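Here is a short briefing on one protein model. Look over the sequence and the fold before reading the notes.

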Amino acid sequence: MLWLKALHLIFMVTWFAGLFYLPRLYVYHAMSDDEISNERFKVMERKLFFGIMTPGMIATLIFGIWMLVAYDWAVYANAGWLHAKLALLALTLVYHYFCYLWLLDFKHDRNRRSHIFYRWMNEVPVLFLVGIIILAVVKPF
C-alpha cells in the first residue's frame with residue numbers, strides 16, 4: 001500500500017509541476033509579439049501539456065483510484081476530508097481542462113486574454129494543492 005501512495009504522490013507532484021508552469025508559459029506567450037517566440041511557446045506548451053502534465057494526471061488518478069479500491073471503502077464512507085479532497089480534485093481536473101482550452105487558443109492564434117489573466121490563473125492550482133495536502137495529511141473532519 002505504501003508503494004501505491006508513493007507512486008500517487010510522485011505523479012501528483014509531476015502533474016502539479018505542469019499545472020504551475022503552463023500558465024506561466026501562457027503569461028509569457030500572451031506578452032510575446034514576434035513569430036519566433038510565438039512558435040517556440042506553442043512547442044513548449046504542447047510538450048508540457050501532453051508530455052508531462054497529462055501523463056502525470058492520468059498516473060495520479062490511476063494510483064489514487066487503486067488506493068481507494070484497495071482500502072475498505074466503508075472506512076471512508078463517512079470521511080468528510082476525503083469527500084472534500086475529491087471535490088478539490090474534481091476542480092483541479094476542470095482547471096486542467098481549461099489549460100487545454102487555453103492551449104488550443106494559443107495553438108490557433110486566437111488568444112484574447114491578457115498576460116494579467118494568466119498571472120491570476122497561475123495562482124489557482126496553488127490553492128487546490130494547499131487544500132488537498134491539508135485535507136490528506138491533517139484529515140480535519
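Predicted model: local features only at pLDDT ≥ 70, side-chain atom pairs only at ≥ 80, totals over all residues.

**Helix packing and salt bridges**

Residues are numbered from 1 along each chain as its sequence is written, and side-chain values use heavy atoms, without hydrogens and water.

**Helix pairs**

- Helices are DSSP runs of H or I, at least four residues, numbered from the N terminus.
- Axes are lines fitted to C-alpha atoms over the stretch in contact, and angles run from 0 to 180 degrees between N-to-C directions.
- Helix 4 (residues 80–107) packs on helix 6 at about 160°, with the axes 9 Å apart. That makes helix 4 roughly antiparallel to helix 6.
- The crossing of helix 1 and helix 2 is left-handed (the near helix is turned anticlockwise from the far one by less than a right angle). The crossing of helix 4 and helix 6 is left-handed.

**Salt bridges**

- The structure holds 4 salt bridges (a side-chain nitrogen of Lys or Arg within 4 Å of a carboxyl oxygen of Asp or Glu).
- Lys42 pairs with Glu39 at 3.2 Å, N to O. The two are 3 residues apart in helix 2, so about one helical turn separates them.
- Lys42 is buried at 14% relative accessible area (buried means under 20%, exposed over 50%, partly exposed in between, with a 1.4 Å probe and protein chains only).
- Asp109 also meets Lys42 in a salt bridge, at 2.9 Å, N to O. Asp109 sits in the loop between helix 4 and helix 5 and Lys42 in helix 2, so the pair ties together parts 67 residues apart in sequence.
- Arg113 bridges to Asp105, with the closest N and O atoms 3.6 Å apart. Arg113 is partly exposed at 35%, whereas Asp105 is buried at 15%.
- Shared partners join Glu39, Lys42 and Asp109 into one salt-bridge network.

**Backbone**

- Most residues other than glycine have a negative phi.
- Asp109 has a positive phi of about 55° although it is not a glycine. Asp109 is partly exposed, at 47% relative accessibility.
- Lys139, in the segment after helix 6, has a positive phi of about 50° and is not a glycine either. Lys139 is partly exposed at 42%.

Note on methods. Parallel < 35°, antiparallel > 145°, perpendicular 65-115°, else oblique.
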